[in-house]
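Let's walk through this structure together, with the viewer open beside the text. We will go from a covalent link to the cores, the strands and the confidence values.

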Amino acid sequence: GLCSSAVTMHPTCNAHIHPLPFSMTMPLLSLSHTRRSLLSVALSATSVSFLPLVPANAKDFTWGPLAGKSADEVDQLDEASRTAQAGVLLPSGVRVIDLIEGTGPKPSLGARVWCHYKVWADGFRSGPAVDYSFSDGRPYDWVLGQPTDRIPQGVDEGTVGMREGGWRRLVVPAAYGDAGLKKINIVMGGGRYTGSKAPYKIKPNQVAYFDLIMLDGGSGRCEELLHPKGMSEKEARKQRSVTCSSRSEIY
């Protein structure tokens with residue numbers, strides 16, 4: 001179904017979401033949309049100005065990291081990524097698995113990167129994601145080499161060497177350290193908070209599984225739309241573009 005998709009980051013598959021007025025909510029997806037068809041609605045470096053709902057019988061993915069891949073090929077990539085020998089094991093213990101290597105710029109340490117991400121506690125596509133960027137209405141950005149509360153050190157380290165337009169998976173031991181990750185309440189449009197009595201979604205020092213798709217690793221396609229020159233940081237954070245294809249690109 002919808003929530004088992006390899007790269008689908010549809011917010012209804014995740015943490016509690018506070019409803020918005022009807023006019024602001026995302027359109028409902030038909031139950032006829034299979035996991036495979038919805039893969040193509042996932043995050044990508046697309047050139048279109050909106051995210052279309054792909055027919056259930058769609059066979060090929062036509063844009064982003066999945067461009068030119070059939071549904072069966074994507075499923076095979078997913079299966080291969082979940083083997084114990086997949087990818088490369090870094091000295092830190094982080095396993096880096098490139099499902100699709102991008103063809104865009106490769107950011108260096110100190111550069112700002114823009115990625116969509118999704119996190120699971122029990123393995124890739126195993127149950128609902130415990131955190132994700134899609135509900136922000138924009139990719140998450142950070143300075144490579146400077147971890148954040150949403151991009152732990154192991155994830156930041158595992159992003160090094162990735163190219164724009166790529167799809168990478170990371171297996172990160174003790175991803176959130178002693179703090180763990182508690183349930184995140186997400187407000188569509190960018191708000192999120194954790195209650196004082198929230199349960200753990202990833203326990204302290206537990207392994208976590210990350211999907212990353214890099215939308216801007218140096219081309220400036222996200223930077224230009226979401227943090228244009230002359231705009232204050234406060235105003236820039238209000239800008240929305242899901243795939244950095246056009247301004248105010250939202251569902």
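A disulfide is taken here as a pair of cysteine sulfur atoms within 2.5 Å. By that rule the count comes to 1 disulfide. Its partners are Cys-222 and Cys-244, with sulfur atoms 2.0 Å apart. The link of Cys-222 and Cys-244 is right-handed, with 105° about the S-S bond. The pair links distant parts of the chain, 22 residues apart: Cys-222 sits in helix H4 (residues 221-226), and Cys-244 in the segment after helix H5 (233-236). Helices (H or I, at least four residues) and strands (E, at least two) are DSSP runs, numbered from the N terminus.

A word on the ground rules: this is a predicted model, in which local features need pLDDT of at least 70, side-chain atom pairs count only at pLDDT 80 or more, and totals for chains, interfaces and linings use all residues. Residues are numbered from 1 along each chain as its sequence is written, and side-chain values use heavy atoms, with hydrogens and water left out.

Cys-115, by contrast, is in no disulfide; the nearest cysteine sulfur, that of Cys-222, is 8.9 Å away. Cys-115 is buried too, with a relative accessible area of 1%.

Next, turn to the nonpolar cores, each a set of buried Ala, Val, Leu, Ile, Met, Phe, Trp, Tyr and Cys residues joined through side-chain atoms within 4.5 Å. The largest has 29 residues, of which Val-119, Leu-170, Tyr-176, Ile-202 and Phe-210 touch the most other members. At least two residues of this core come from each of strand S4 (112-120), strand S6 (140-143), strand S7 (167-172) and strand S12 (208-216). Leaving aside neighbours within four places in sequence, Phe-210 is in contact (heavy atoms within 4.5 Å) with residues including Lys-118, Val-119, Phe-124, Pro-152, Leu-170 and Tyr-176. Another core, of 19 residues, lies apart from the largest one, with Val-74, Ala-86, Ile-100 and Phe-124 among its members.

S4 is mostly covered, with 8 of its 9 residues buried. S4 and S12 pair in the antiparallel sense over 7 bridges, and the bridge partner of His-116 in S12 is Ile-213. S4 and S6 also run antiparallel, joined by 4 bridges; here Cys-115 has Tyr-140 as its bridge partner, while Arg-112 stands opposite Val-143. In a regular strand the side chains alternate between the two faces of the sheet. Both faces of S6 are covered: Tyr-140 and Trp-142 on one side, and Asp-141 and Val-143 on the other, are all buried.

Finally, consider confidence: pLDDT is the predictor's confidence in each residue, from 0 to 100. The protein chain has a mean pLDDT of 78, and 73% of its residues reach 70 or more. Among its elements, helix H3 (residues 153-159) has the highest mean pLDDT (98) and strand S1 (residues 17-18) the lowest (29). Over residues 1-59 the pLDDT is below 50, and beyond near neighbours in sequence this stretch has 147 contacts in the model. Where pLDDT is low, the predicted coordinates should not be read in detail.

Technical notes
Buried means under 20% relative accessible area, exposed over 50%, partly exposed in between (1.4 Å probe, protein chains only). Two strands pair if DSSP finds at least two bridges between them.
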